[in-house]
Amino acid sequence: MWRAFAAARGVEGARYDVWAFGGDPDGLARLALDGGKTATSSAHPLYALGDEPLPEAGEYSVILDGRGEAVCVIRTERVTVLPYRDVGGEHARREGEGDLSLVYWRRVREAFLPRRRHRRV
């Protein structure tokens, strides 16, 4: 998929990654393909744990389904790092999941993202 996409758009030398959305790879890939999912999020500490760099604006990603098959290619437009508590309703809507509300977004993320293992004193 990448070779055909890159050739059609003249971006053969562009950097790209290959990955699947967590939680529901098939459903989320379908949302991205259909245009209902125009944003995503991840826990910042996971990048350090995996010794991976943060995504960068302009990078491409080949999105896989639950069987590891390519579904679509997306391009990162911008990367924002902010505390979980500061994520707003517009971002939740752009993620395209559930009823598009921030309440739904938080409920799903709290079940998926790693928990803090220490307490502040």
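**Figure 1. Aromatic pairs across the predicted model.** When the whole structure is searched, six aromatic pairs are found, and the structure examined here is a predicted model. One of these pairs joins Trp2 and Tyr16, whose ring centres lie 4.3 Å apart with their planes at 20°, so the two rings count as stacked. Because Trp2 belongs to helix α1 (residues 2–9) and Tyr16 to strand β1 (residues 16–20), the pair ties together parts that are 14 residues apart in sequence. The two partners can also be described by their accessibility: Trp2 is buried, with a relative accessible area of 9%, whereas Tyr16, at 38% relative accessibility, counts as partly exposed. Ring pairs also link Trp2 and Tyr16 with Phe5 and Tyr60 into a cluster.

**Figure 2. The stacked pair of Tyr84 and Trp105.** Tyr84 and Trp105 form an aromatic pair that is stacked, with a distance of 5.7 Å from centre to centre and an angle of 25° between the planes. Distant parts of the chain are linked by this pair, since Tyr84 sits in the loop between β3 (70–75) and α4 (89–95) while Trp105 lies in helix α5 (residues 102–112), 21 residues apart. Trp105 is buried, with a relative accessible area of 4%, and Tyr84 counts as partly exposed at 31% relative accessibility.

**Figure 3. Charged side chains over aromatic rings.** The ring of Tyr84 has the charged end of Arg106 sitting over it, at 4.9 Å from the ring centre. In another part of the view series, Lys37 lies over the face of Phe21, and here the distance from the ring centre is 5.2 Å.

**Figure 4. The buried and exposed faces of helix α5.** The buried residues of α5 are Trp105, Arg106 and Arg109. Around the helix axis they cover an arc of only 95°, which means that they lie on the same side of α5. On the face of α5 that is turned away from this buried side, the exposed residues Val103, Arg107 and Ala111 are carried. The elements that cover the buried residues of α5 include α4.

**Figure 5. The surroundings of Pro25.** Pro25 lies in helix α2 (residues 25–34) and, at 23% relative accessibility, counts as partly exposed. When residues up to four places away in sequence are not counted, Pro25 touches Ala20, Leu64, Asp65 and Gly66. Pro25 and Glu12, by comparison, are 13 residues apart in sequence and 26 Å apart in space, taken from C-alpha to C-alpha.

**Figure 6. The whole protein as the setting for the close-up views.** The protein has five helices and three strands, and along the sequence these follow the pattern α-β-α-α-β-β-α-α. The C-alpha trace spans about 55 × 35 × 25 Å along its principal axes. Of the 121 residues in the protein, 27% are buried. Among contacts with a separation of 6 or more, 51% are accounted for by residues 24 or more positions apart. The accessible surface of the protein comes to about 8600 Å², and carbon and sulfur atoms hold 51% of that surface.

Conventions:
Residues numbered from 1 in each chain as written. Predicted model: local features only at pLDDT ≥ 70, side-chain atom pairs only at ≥ 80, totals over all residues. Heavy atoms only, no water. Phe/Tyr/Trp six-rings, centres within 6.5 Å; stacked < 30°, edge-to-face > 60°. Helix = DSSP H or I, 4+ residues; strand = E, 2+ residues; numbered from the N terminus. Buried < 20%, exposed > 50% of the residue type's maximum accessible area, 1.4 Å probe, protein only. Lys NZ or Arg CZ within 6 Å of the ring centre and 35° of its normal. Arc of directions from axis to C-beta. Contact = heavy atoms within 4.5 Å. Areas by Shrake-Rupley, 256 points an atom, 1.4 Å probe, with all protein chains shown as cover.
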